[in-house]
Amino acid sequence: MGQERFGSFGRATPPARNTIAADEAIALLKGGTARPGSLLGYGNGRSYGDSCQNAAGVVVDMRSLNRIRSFNAETGVLEADAGTLLCDIIAYAAPYGFFPAVVPGTQFVTLGGAIANDVHGKNHHRRGTFGSHVEVLTLLRSDGRTYRCSQTDNVHLFGATIGGMGLTGLILSASIKLMRVPSLDITESATQFRDLGEFFDLAEAADQANEYAVAWIDQLAGGHGRGRGLLLTGNHAEHGSHAAANAGSRLSVPVQPPFNVLNRPFLTVFNAAYRWKKGKSTAPRQAGYQGFFFPLDGVRDWNRLYGPRGLFQHQSVVPEANARRIVPAQLETARRAGQGSFLTVLKRFGDVRSPALLSFPRPGYTLTLDFPNRGERTLRLLAELDRITVEAGGAVNPYKDARMGPETFAASFPQWQRLEALRDPAFLSSLWARTAMRLEIGQGTAEAAE
């Protein structure tokens, strides 16, 4: 197995040097011989930063634990091993008329990874996060015990493990409640907006009327086109396919280009073509679920296009009351820095609470930007985006991050000490080492695992 297989998706941080198989890690944990800070579960490497890396120890390849254990076709409750890919869950449940209640932007994440990061999708306003649909999870800790965690059993560990980025132990399996849908296909509509003000005027009504809503912003547009974009909404089609499409892709980037292909001239052309293709008609159209939810999955290893230095993704959320001021300021900051984002996505988060102790989504608007890694120049921009976000009372997404400082992390997640108190001592990530472990631990925060 090549090292690249155990890297982060952003490719701006070094891949894991040391890896072990899941069964080996399970033996260490059950035998009580795992050293402090030596382990971290690794799913399918779709995190953009170093939350999936452990430079001080080893990562545990969970992909061999990929069995779907049971499924109730009446209730939609599915139990599977933590290494099961989301695409396999979709394919298994589709013929029964079920679909995951929440899906992120890629179907190539593991069940354990989706739980550990408490991922969100285009319907947070209705369904909340992935963790909101977890019924039970089993967790193996370095005391040798396997814990059954739910809303009623080992409640503190349940909340800390959802969104806990793999730090509370090794997730072995989970039961999740899927959503009944009339079909997998999506009836999609595209509405052009001239500027961000018009988007904000449309956003709440779009959420109320649709299961899914997301906006694409032409981040490079200036002058009268500044802030223009497309509001894409969707609902599961009443008459569509119940068969999951092949999750593989014929298209790929087979080799690493020696330079960043996604430069400004390319992005200018791409944005114009995307805006024309998606916005040429306002009439609803029926689309396959993969194209709607997972468009970038259509090109395998597309992240290689950013060149050998990789990319940084910056995702922030700011309170709704500040969004009309802060989101334009963030986009203007990137423009002034001369940095173009390949895909710029803006969504509205609702008020559905997650059971997670640390969860990134919260009521407000979330902006996602992708930047090629240009060294200090890019790091300065990202630090400025952090500052704008935190001063507005917002948060920066840790599982999309590879470089935020401890103060930004603490401001984004003031409950971090409670997770540290429940962190399994054998588990550590590079993200936690460079953020939480560099902060002063307060007194009286310990919570005993039940």
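This is a predicted model: local features need pLDDT of at least 70, side-chain atom pairs count only at pLDDT 80 or more; totals for chains, interfaces and linings use all residues.

Me: How do you know that the span of helix 9 is close to what's expected?

Reply: Helix 9 covers residues 320-336, which is 17 residues, and reaches 24 Å from its first C-alpha to its last.

Me: Where does helix 9 bend, and which proline follows?

Reply: The bend is at Ile326 and comes to about 35°. Pro328 follows within four residues.

Me: Which residues of helix 9 are called buried, and what makes them so?

Reply: Buried means under 20% relative accessible area, so residues on the list fall below that cut-off. Among them are Asn322, Ala323, Ile326, Val327, Gln330 and Leu331. Their cover includes helix 6 (196-209), strand 12 (212-217), strand 17 (311-318), strand 18 (345-349), strand 19 (364-372) and helix 10 (376-391).

Me: Strand 18 turns up in that cover. Why is strand 18 described as largely enclosed?

Reply: Because 4 of its 5 residues are buried, strand 18 is largely enclosed by the rest of the structure.

Me: How do you know that strand 18 pairs with strand 12 and strand 19?

Reply: Pairing takes at least two bridges, so the counts settle the matter. Strand 12 and strand 18 are joined by 2 bridges and run antiparallel. Strand 18 and strand 19 have 5 bridges, again in the antiparallel sense. Val345 of strand 18 stands opposite Trp216, and Val345 also stands opposite Thr368 in strand 19.

Me: What sits in the loop between strand 18 and strand 19, and what is it in contact with?

Reply: Pro363 is in that loop. Leaving aside neighbours within four places in sequence, Pro363 is in contact with Val318, Pro319, Glu320, Phe349, Gly350 and Asp351. Its C-alpha is 9.2 Å from that of Arg353, 10 residues apart along the chain.

Me: How many bridges hold strand 2 and strand 3 together?

Reply: There are 2 bridges, with the strands in the parallel sense. Tyr42 stands opposite Asp61 in strand 3.

Me: Why is Asp50 called buried?

Reply: Asp50 has a relative accessible area of 7%, and the cut-off is under 20%, so it counts as buried. Asp50 is found in the loop between strand 2 and strand 3. Away from its sequence neighbours up to four places off, Asp50 touches residues including Thr13, Asp401, Ser430 and Arg434.

Me: Which members of the largest nonpolar core touch the most others?

Reply: Of its 81 residues, those are Phe130, Leu170 and Trp432. Strand 9 (residues 170-177) gives the most to this core, with 5 residues. Another core, of 27 residues, lies apart from it, and its members include Phe199, Ala215, Phe312 and Ile388.

Definitions and conventions. Residues are numbered from 1 along each chain as its sequence is written. Side-chain values use heavy atoms; hydrogens and water are left out. The expected span of a helix is 1.5 Å times one less than its number of residues. The bend at a residue is the angle between axes fitted to the seven residues ending there and the seven starting there. Buried means under 20% relative accessible area, exposed over 50%, partly exposed in between (1.4 Å probe, protein chains only). Contact means heavy atoms within 4.5 Å. A nonpolar core is a set of buried Ala, Val, Leu, Ile, Met, Phe, Trp, Tyr and Cys residues joined through side-chain atoms within 4.5 Å.
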